[in-house]
Amino acid sequence: PPPLESLRAKILDALEHCAATRVALSADVGGAEAHLLVPRASASGASAPLVVRPHGGPHSMAPDAFDVQTAMLLAAGVAVLLPNYRGSLGYSQPFADALLGRIGELDVDDVAALTRKVLDDAPAGVLDEKRVAVYGGSHGGFLTAWLLAAERTRALYCGGALWHPVVDLPAMPAATASPEW
């Protein structure tokens, strides 16, 4: 088959055979949730690396819906964690408003706690805790920078990637299409 057709078949197979789980923190630590998608075990029996993908916004969300980037990671044998940290939409107004005045604190703590929970709760050999990366754009890029740099979280991640991150506030008015943010 043509290369694109072969890739499509591989992605559909990966989606059909992945395990999808809802992960939740208790209400006493904020009640953040995430979607965890784990590819089927590899033929070699190797543990899957994990990519944590915080959404942008912050007033957005990681929906339980098809996403081509997630599908391609699963097809490559990579597990994906899609956190909905405090500030995310779709839970309640107080949950969305909790982040106001606490950006870089509650959102970072939620993503790190969800990452730790997934690694602690995974059956032995499923996830490789030495190969955990984080990537995101906009506010997700901001979170990625914090998670990689903050002393309280950086040991969780072996690397990451940021795209159009919010990391230089004085430059934002001249460099963005939404200077009001």
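Figure 1. A search of the whole structure finds three aromatic pairs. Rings of Phe, Tyr and Trp (its six-membered ring) pair if their centres lie within 6.5 Å; planes under 30 degrees apart count as stacked, over 60 as edge-to-face and the rest as tilted. The rings of tyrosine 135 and tryptophan 163 have centres 5.4 Å apart and planes at 40 degrees, so this pair is tilted. Because tyrosine 135 belongs to strand 5 and tryptophan 163 to strand 6, the pair ties together parts 28 residues apart in sequence. Tyrosine 135, at 16% relative accessibility, counts as buried. Helices (H or I, at least four residues) and strands (E, at least two) are DSSP runs, numbered from the N terminus.

**Figure 2. Helix 5 and its packing.** The buried residues of helix 5 (residues 139–149) are His139, Gly140, Gly141, Phe142, Leu143, Thr144 and Leu147. They pack against helix 4 (106–121), strand 5 (127–138) and strand 6 (159–165). Within helix 5, phenylalanine 142 and tryptophan 146 are four residues apart, about one helical turn. Their aromatic pair is edge-to-face, at 6.4 Å centre to centre and 65 degrees between the planes. Phenylalanine 142 is buried, with a relative accessible area of 14%, whereas tryptophan 146 is partly exposed at 35%.

**Figure 3. The largest nonpolar core.** A nonpolar core is a set of buried Ala, Val, Leu, Ile, Met, Phe, Trp, Tyr and Cys residues joined through side-chain atoms within 4.5 Å. Of the 29 residues in the largest such core, Leu50, Val52, Leu81, Leu147 and Tyr157 touch the most other members. Two or more residues each come from strand 2 (33–38), strand 3 (48–52), strand 4 (79–84), helix 4, strand 5 and helix 5. Helix 4 gives the largest share, seven residues. Leaving aside neighbours within four places in sequence, tyrosine 157 is in contact (heavy atoms within 4.5 Å) with residues including Val52, Val111, Val132 and Leu147. Apart from this core lies another, of 14 residues, among them Ala62, Ala75, Val80 and Tyr135.

**Figure 4. Salt bridges.** The whole structure contains seven salt bridges, each a side-chain nitrogen of Lys or Arg within 4 Å of a carboxyl oxygen of Asp or Glu. In one of them, glutamate 33 meets arginine 22, the closest N and O atoms being 2.6 Å apart. Glutamate 33 lies in strand 2 and arginine 22 in strand 1 (residues 19–24), so the pair ties together parts eleven residues apart in sequence. Glutamate 33 is buried at 16% relative accessibility, while arginine 22 is exposed at 56%. Lysine 117 and aspartate 121 also form a salt bridge (2.9 Å, N to O); both lie in helix 4, four residues apart.

**Figure 5. Confidence of the model.** The mean pLDDT (the predictor's confidence in each residue, from 0 to 100) is 89, and 93% of the residues reach 70 or more. Among the elements, helix 6 (residues 172–175) has the lowest mean pLDDT (69) and strand 4 the highest (98). Residues are numbered from 1 along each chain as its sequence is written, and side-chain values use heavy atoms, with hydrogens and water left out. In this predicted model, local features need pLDDT of at least 70 and side-chain atom pairs count only at pLDDT 80 or more, whereas totals for chains, interfaces and linings use all residues.

Conventions
Buried means under 20% relative accessible area, exposed over 50%, partly exposed in between (1.4 Å probe, protein chains only).
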